[in-house]
Structure formats: C-alpha cells, structure tokens
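User: Hi! Could you walk me through this model, one topic at a time?

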Amino acid sequence: MNIIERKNWYFGLSLLIIIPGIIAIFLWGLNLSIDFTGGSRLTLSFNNAVGNNQVQAVDEILKTEKIKVASIERSNKLIFIRTSPMDQNQNSKFINILSKEFKDVKEHEFETIGPVIGQETTWNALKAVGIASILIILYITWSFRQVPKPTSSFRFGVCAIIALIHDVLVVLGVFAILGHFFGVEVDSLFVTAILTIIGFSVHDTIVVFDRIRENLRKTGSSNFAKTVNESIIQTIGRSLNTSLTVVLVLVALLLFGGESIRWFVVALLIGIISGTYSSIFNASPLLVLWHELRSK
Amino acid sequence: MKKSPRTLLWSIILLTIAVIAINLPSKGQLSFTKSLSFKQGLDIAGGTSLTFKADMKEVSSDQKEKALDGVRAVIERRINFFGVSEPIVQTAVSNDDYRVIVELPGVNINQAKNIIGTTAQLSFWEAGATGSAKIASPSAYPLGAIEILGPDAKKTNLSGRDLQETSVGFDANTGKPQVQLKFTGDGARKFADITKRNLDKVLAIVLDDQVIEAPRVNQAILTGDAVISGGFTNESASILSTSLNAGALPVPLIPLQQHGVDATLGQESLLKSLFAGGLGIIIIVIFMTVLYGKLGIVASAALILYTLSVLSIFKLSSITPYAITLTLSGIAGFILSIGMAVDANILIFERIKEERRAGRSWHESLELGFSRAWTSIRDSNISSLITCFVLYQFGTGSVKGFALTLAIGVLISMFSAIVVTRTLLRVIYK
C-alpha cells in the first residue's frame, strides 16, 4: 500500500468534502444559537405527543404578545421554542395563557441570554480556538525539535495544524449544511466540541509523527517519502483502533444519551472520524509534499 | 525510581478497594461514605442561574467594587433567609461591566425572581400640602399614589433604611398574615412626625413603586411599630419580610441572562447518559478483549479501575472547597474520556505485538512496548491537556465542567493505562 504516492487523491477527497461546506458557510452561515445572538429558549412538555395545534397555539400567543419567534420545533412530547429576548414576566404570562388552552403544559427550561453575553461568548470562542492552535503548534515544534534534517520540527507543527484546520472546516461545513436544511443550531457546546476535536486531531496526528520521527532517526532520510509511507503503514492499525474506541463510545452516547447533547455528540463524531482521516491521509503526506517542493 | 511490582500491586489493590468503597451505594455500615455524593449541576439537579449587570451609572468609579460587594452581600443574605441549599453567588468584572452570577439549585425561576429580583424598596407617601412643589413627571409617582393621595402626593423621608427588623404576624381580628415593622430610634421619630401631621389623612405604603396599602391614620404612633396588612398569603408575607430584613440592593440590577431548568428533565438526561456510559464501557471491554486477548482483559481491568477512580475524585471533591460540579456536558466529557482512556493501551499493545514480530521475547517486548510507546502517549495527551486548559480559561459554566472532567480523565488515564496495566502484566508474566 502506498499512501504517499496517491496523496493527491486523498487531498482531493478532503477538498470534495470541505469545499461544499465552505460554500455553505458563505451562502448561509452557521445557524447560531441564542448563546451567541442573545434571545430566549424555552422547552415545554405535554403529557402526550405534540401535534400541530399546540405548535400553532404557541405561535399565535407569542405573536399577540409581540415576541419575535425564531423557531418552534417539536419532538415527541416536547416543544422547543426560540425567540427574541423575553423577560421573566413575559415568560410567565405566556405560560399562563398557554396553560389555559392546554392544561398539561409544563415549562422544563427557560433561558434568556442578553446580546452582551452573546457577543462575549462569540469572542471567547474565537479566542479559545486561536490560542489552542498556537499553543499546540508551539508544543509540537518543541517536542519534535530533535527531528533529523532535512525536515524541521516547525514543519511538523504546521502540518499538524493544517490537518486540524481540515477537521474544523469539515465539522463547520457539515453544520452549516445541517443548519440550513434541518435547523441544527451551533451553540456554546459546539465550540466545546470543536476544541475537543482540535485536541483529538493532534492526538492522532502525533501518533504517526512520532513514528516518522523514530524511523528518521533509525534509517536516515535518504528516502523521505518512503520513510513516511512506512511510518503510516506501521501505525495505521493503532490509529484506527484508538479512534474506533472513541467512536464506539460516542455512538452509544448518540443512540442513548438523550436529546440535550445529541448534536454535540454528532459534532464530536464527525470531527473524530475526520481527525483520523486527516492524520493518516493529510498530515503526513503534506510533510512529504513540503519536502518535495523544497528539494526541487 | 524503580519500585518493585509487588509494592505497586499492593498499592493498586488498596486503591481498588478504596474506590469501590467510595462508590458503593451508601447504605448502612460505612458511615464515612454517606456524606459523599456527587455535586450535580443545575442542568441535572434542576434550578436557576441568573446573571445580572449592576447598574453603576450613579456610582463613582472608586466605589464600584464596593457597591458590587454590597450587592453580593445583600443577595447572599436574602438567599440564606430562604434557606436555599448550596447556592453560589459570584461577582465578575468584565469589560467595565460589573456582574453578579447567582446559581440556585432546586429553585425554579419564579421563586428565584422573588428571592433576588424583588428589590423591596419600601417608602411612605403622604398627600402634599396644597401648593407644594410638584414632582415633574407623573411616571415618577408610584402606581396608585395619585388616585389615593391626589396630584400633590409627596414622598416622606421615611424608608426601608429606617427599619430595625420585620417579622410576620397575624391580624388578631381576621387571622390573616401581616408584616410587622419595627423602626430604628431615628425611624420611629420620623414615623411619629409623619403620623402626627397626617392625622385623619391617608398615608400610602409603597413597595417598589406600587402602593400596597393606604391606611388612614387614626392617631399618632410614637412607638415605632407599624403593620402592613395588604392582603398577604403566608408565603408572600414572609417573602416581603425577609426582603425587607435583608435590606435594599445598593444599586439596581439589570438581568443579562437567566436559565431555569426543571429537575425531571435533568434526571432523565442523567439516566440516559449513565446508561450510554455503561454501555460504552461494555463495548470497549469486548473490543479490547477480542483485539488483544489476555492483554485486553488486563486493559479492561485498568479501565474499570480508571472509571471508579474518576468517579471517586468527583465524589471526594464534593467535601473540599473545589467541588467538581457534574453537568450533562461534563458527563459527556467523562464518557468521551473512557473511550480515550484505552488509547494508551492500544498504542502500547500494538508496540508489544510489533516487538514480538521482530523476534524478541515476551518480557523484552513487554518492557519495550511500554517504553517506546511513551513518547507518543506523552505528546498526544499533552496536546489534549492544552485544549482542556484553553477551554477552562475561556469557557463558561458547562464548558468549564466539560474541560475539567476531560482533563482529570486524561491525567488519570495515563496512570491507569501505563502504571496499572504494566504492573498487572509484570505480575502475571513473572
């Protein structure tokens, strides 16, 4: 198996997934939750499965109360409502009116986030992703400082970061598409997922890089591409296995873990699968590409 | 530092017994475990979290910190009066915004509003003498004041600050609850003056810009005692009484964020997460055993020890000031860490297989597997810890919980996957 020889195919496959995602991000953007935009979120429950009449009633009451509705979704016995910021009084008034029509309605969750907090969360999220990437690049550069010539530890760091950006773009793209077609929201837990993916992506990449480092020391770098390819082949089994354990646990969480963390788990799953792919088929081949461009 | 496997083995056995004891459902004999329990976050236990911005417009800049502390003290006092268990009241300054964050487990959002939101500004109003200066805008009048006292209603100098204490009592005639006020010496003098000059007139008692009662003054009251009997229920009387006792907030609060969760939903999600976690462990045990045989069984034992250890840390932390609060995302982080905990084992076992293929003996392969896999385990775990650290620094509530549980998971898993597994293997293959 020669992964390095076919590296352009693998880069192409990545682009095939990333480019539609990027287009989706530019066309539609991400469906940002009230964590970022400010607003209110309510979860109502009923004794029986929710039908159209409950949804309509909710919509009408909110309209007459002059509260802007962003979305109303239902799932079995629950209704999830997103609106412009509501205060406590508006909320209790709404519930009062609704419970006259539907006696079994219960409010499970009410959250209001002011726009100030929303902006702060957005800014913190961007800062967190940036700082985490820089710290990781620094750590890898330091940890791989003794890597033999002709390559350099800095290149390892940069390639790990490119693989990481790849994974983040895959997840962002998929969620832009999911957001547009299925109303899936991006909230502060999603940011957590992205940062976890960043950690995991590098985690995976390092397993391969560590082997390249070891093999370079052992055999020298007369044939860089061959050394890298061997390293990938030697570690591919453990790369897949380590990811598989995480994927299995996440699938269990996805199937049985409840509604509130569902999309968080989906984001993690996509990211971790992408992270495994990029560590095998992107990060190390990129090292070779860089080497080839340099030695020309 | 090379300890003999035997000492390590005994330490591991002791550790296992300890973590099992800590995690046993606490019934009966082991009394010390009784006080240990997980500290559940609001999204599981149910409750309300509120973030306020303190309106500092009228506070000079050197007094702002003090005013913020004042706000916190008043809120804490009010919460204590209501007997909320394990409340959190924090202050934060961010970009010139002075904030108070309040978390009240087991309190629904309406009760929370009664506890904190009620500003309980008490004032007394009288009908003004004819020709006295009028207050500029009608909106400055409390609701109902003009109707009762006429267009010249005037605020007296008596206010909630003149109260010494308040209590709930019952009207001797009707048996209805009422709030009894006792003024300070100064307040009593003011009250005496007011009642003297308003003899046979109506006096309005105003709470938070609303007239709640307007009794006619029959005689001057010199003792400094007064009663508000404005149609209270037992609960509303005690809420008013305690809010008056706790004092008024030094500055107004503007709500920035409020979040109320009902306990049933949280418990349901918790059970689902725990089930998924348990299932995850079983799947991994099967996976490891199928893939690595005996080695896999040892790794599974280490994984179970890992799980119990992390749970023990969560439990033990609840009796320290640094209690780790379990939120749903935190539990997701923990379950994720279970999946990652065996990563180190996989790296080591693959390495052992490889050394075996290179023709080395079992013993040699075992030792080499551990030592040669170490660099990749170290580097990959440090990168995970870096992201945990960043998440903890920049995250809020639930994100912090996730980062902390994941970080604890990473650290403990390095110990369980390396030290525990190696010791067990050394003892088995002696």
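This is a predicted model: local features need pLDDT of at least 70, side-chain atom pairs count only at pLDDT 80 or more; totals for chains, interfaces and linings use all residues.

**Domains and overall form**

Analyst: Happy to. Residues are numbered from 1 along each chain as its sequence is written, while chains are lettered from A and ligands numbered from 1 in the order in which they are written.

User: What radius of gyration does chain A have?

Analyst: Chain A has 24 Å, whereas a compact globule of 296 residues would be near 19 Å. That radius is taken over C-alpha atoms, and the globule rule is 2.2 Å times the number of residues to the power 0.38. Along the principal axes, the C-alpha atoms of chain A fill a box of roughly 80 × 35 × 30 Å.

User: What about helices and strands, how many in chain A?

Analyst: Nine helices and four strands, in the sequence pattern α-α-β-α-β-β-α-β-α-α-α-α-α. Helices (H or I, at least four residues) and strands (E, at least two) are DSSP runs, numbered from the N terminus.

User: What percentage of chain A is buried?

Analyst: Buried residues make up 48% of the 296 residues in chain A. A residue is buried if 20 or more other C-beta atoms lie within 10 Å of its own, exposed if 12 or fewer, and partly exposed in between, with C-beta atoms placed from the backbone.

User: Changing topic: how many residues of chain A are in contact with chain B?

Analyst: 53 residues of chain A are in contact with 57 residues of chain B. On the chain A side, α4 (88-101), β4 (106-113), α5 (115-143), α7 (188-219), α8 (224-256) and α9 (262-295) each supply at least two residues. The largest share, 13 residues, comes from α5(A). By class, this side has 26 nonpolar, 20 polar and seven charged residues.

User: Which strand of chain B is joined to β4(A)?

Analyst: That is β12 (residues 253-261) of chain B, running antiparallel to β4(A) with five bridges between them. Two strands pair if DSSP finds at least two bridges between them. One of the residue pairs is I113(A) with its bridge partner Q257(B).

User: Now chain B, what are its domains?

Analyst: The assignment gives domain 1 (5-41 + 262-428), domain 2 (42-119 + 255-260) and domain 3 (123-238) of chain B. Taken over C-alpha atoms, the centres of domain 2 and domain 3 of chain B are separated by 29 Å.

User: Which strands form the open sheet in chain B?

Analyst: The order is β7-β8-β11 in chain B, with antiparallel pairing. β7 (163-170) and β11 of chain B each have a single partner strand, so one side of each is left without a neighbour in the sheet. Within that sheet, β8 (residues 177-183) and β11(B) pair over four bridges, and Q180(B) has V227(B) as its bridge partner.

User: Which residues are on the covered face of β11(B)?

Analyst: A226(B) and I228(B) are on the covered face, with D225(B) and V227(B) on the uncovered one.

User: Last one: is K66(A) buried or exposed?

Analyst: K66(A) counts as exposed because it has 8 C-beta neighbours inside 10 Å. K66(A) lies in the loop between α3 (52-64) and β2 (69-75) of chain A, and its phi is near 60°, a positive value in a residue other than glycine.

Definitions and conventions:
Two residues are in contact if their C-beta atoms, placed from the backbone, lie within 7 Å. Ala, Val, Leu, Ile, Met, Phe, Trp, Tyr, Cys and Pro count as nonpolar, Asp, Glu, Lys and Arg as charged, and the others, Gly among them, as polar. Domain bounds come from an automatic or database domain assignment.
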